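Okay, thanks for coming, everyone. I'd like to walk you through one model today, starting with a loop and ending with a couple of helices. Have a look at it first.

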Amino acid sequence: MSLLACIFGDVMKIDTTGASEKTARQDKLTVKGVEASNKLAEHDLKRMQQYKSIITRVGAAKQMDPAVIAAIISRESRAGAALVDGWGDHGNAFGLMQIDKRYHTPKGAWNSEEHVTQGTEILIDLIQKIQKKFPSWPLEHQFKGGIAAYNAGVGNVRTYERMDIGTTDDDYSNDVVARAQWFKRNGY
C-alpha cells in the first residue's frame, strides 16, 4: 500500500509456491505455481478494474492491502465472472468475496462496497485469530495463515508449511498471495 501500511504485514515479503495444477486448469494453463497465479490474476484484471475504487476505499478504511482484497476476489469469484446472480459454490457463497451464507449473513449487493467491507472484515477477524493461535509466528506468516483460514477456517491452519492442506485444491493461501503480489505490481 503506497500511503498506508498494511498493519498485518507486507504481502510482498510472504513466500509462496503459487497455484496448483488443478487451480491452473481453470484457465487451461499448462503452467503451475507463481506463473499460473500471475496469469490467472492477469486474466481477471480487466473485470477487476470496475471494482478498483471500492477495493481501494475498503483497503484504506480497514488498513488491508488492496492487492490482497483483489487477489481474494480473483480467486473466489474470478472478479465476478464465476458467479450466477451474485452466487457461487452451489448457491452457498455470495458475492465477489464469496461469503458463505452457512456461517455469515451476507450484506449488500454482490458487487457492492458493503459486501467487500464485510469480506475484508471477515479476513481481518481470521488473521487476528491466527495471531492469537500462533503468537510466535512472524507477522507475514500470520497474514498468510489468515488468508488460508478465509478458505478453510482457523482450525485447518496447524503448521506454517502445511497450512494449505485442506484448502480448496490445497493451494489457497499460496495462490492468493501470488495473485496479490501480481496485483500489487499492477496498480493495486
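So, let me start with Asp89. Asp89 comes out as partly exposed, because its relative accessible area is 39%. The cut-offs here: buried is under 20% relative accessible area, exposed is over 50%, and partly exposed is in between, with a 1.4 Å probe and protein chains only. Before I go on, some housekeeping: this is a predicted model, so local features need pLDDT of at least 70 and side-chain atom pairs count only at pLDDT 80 or more, while totals for chains, interfaces and linings use all residues. Residues are numbered from 1 along each chain as its sequence is written, and side-chain values use heavy atoms, with hydrogens and water left out.

Back to the loop. Asp89 sits between β1 (87–88) and β2 (93–94). When I say helix or strand, I mean DSSP runs numbered from the N terminus: H or I with at least four residues for helices, E with at least two for strands. If you skip its neighbours within four places in sequence, Asp89 is in contact with Gln98, Asp100 and Arg102; contact means heavy atoms within 4.5 Å.

His90 is in that loop between β1 and β2 too. His90 is exposed, at a relative accessible area of 81%, and its phi is near 55 degrees, a positive value in a residue other than glycine. Asp85, in the loop between α4 and β1, also has a positive phi without being a glycine, near 50 degrees. Asp85 counts as exposed because its relative accessibility is 70%.

You'll find Asp100 in strand β3, and beyond its sequence neighbours within four places, Asp100 touches Asp89, Asn92 and Ala93.

Now, the annotation. In an unreviewed entry, UniProt lists Glu76 and Asp89 under "active site". Those positions are in the numbering used here, feature names are shortened, and annotations may be inferred rather than shown by experiment. Both Glu76 and Asp89 are included in the lining of the largest pocket. A pocket, on a 1 Å grid over the protein atoms alone, is an open set of points where a 1.4 Å probe fits, with protein on both sides within 12 Å along at least five of seven lines; lining residues have an atom within 4 Å of a point.

Glu76 belongs to helix α4 (residues 66–77). Its contacts, again leaving out neighbours within four places in sequence, are Leu96, Met97, Gln98, Tyr150, Asn151 and Tyr172.

How much space lies in the largest pocket? About 750 Å³, where grid points are joined across faces, edges and corners, and the volume is the space filled by probe spheres set on the points. There are 27 lining residues, and the closest to the centre are Glu76, Asp89, Gln98, Tyr150 and Asn151. The elements giving two or more residues to that lining are α4, β3 (99–100), α5 (113–133) and α6. Of the elements, α6 gives the most, with four residues. By type, the lining splits into 12 nonpolar, seven polar and eight charged; Ala, Val, Leu, Ile, Met, Phe, Trp, Tyr, Cys and Pro count as nonpolar, Asp, Glu, Lys and Arg as charged, and the others, Gly among them, as polar.

On to α6 itself. α6 is mostly covered, with 10 of its 14 residues buried, including Phe143, Ile147 and Tyr150. The cover over those buried residues includes α4, β3, α5 and α7.

Last one: α7, residues 172–185. Here 12 of the 14 residues are buried, so α7 is largely enclosed by the rest of the structure. Among the buried ones are Tyr172, Arg179 and Trp182, and their helix's cover includes α1 (21–24), α2 (34–49), α4 and α6 (139–152). Just after α7, Gly187 takes a positive phi of about 95 degrees.

That's me done. Over to you.

Key:
The expected span of a helix is 1.5 Å times one less than its number of residues.
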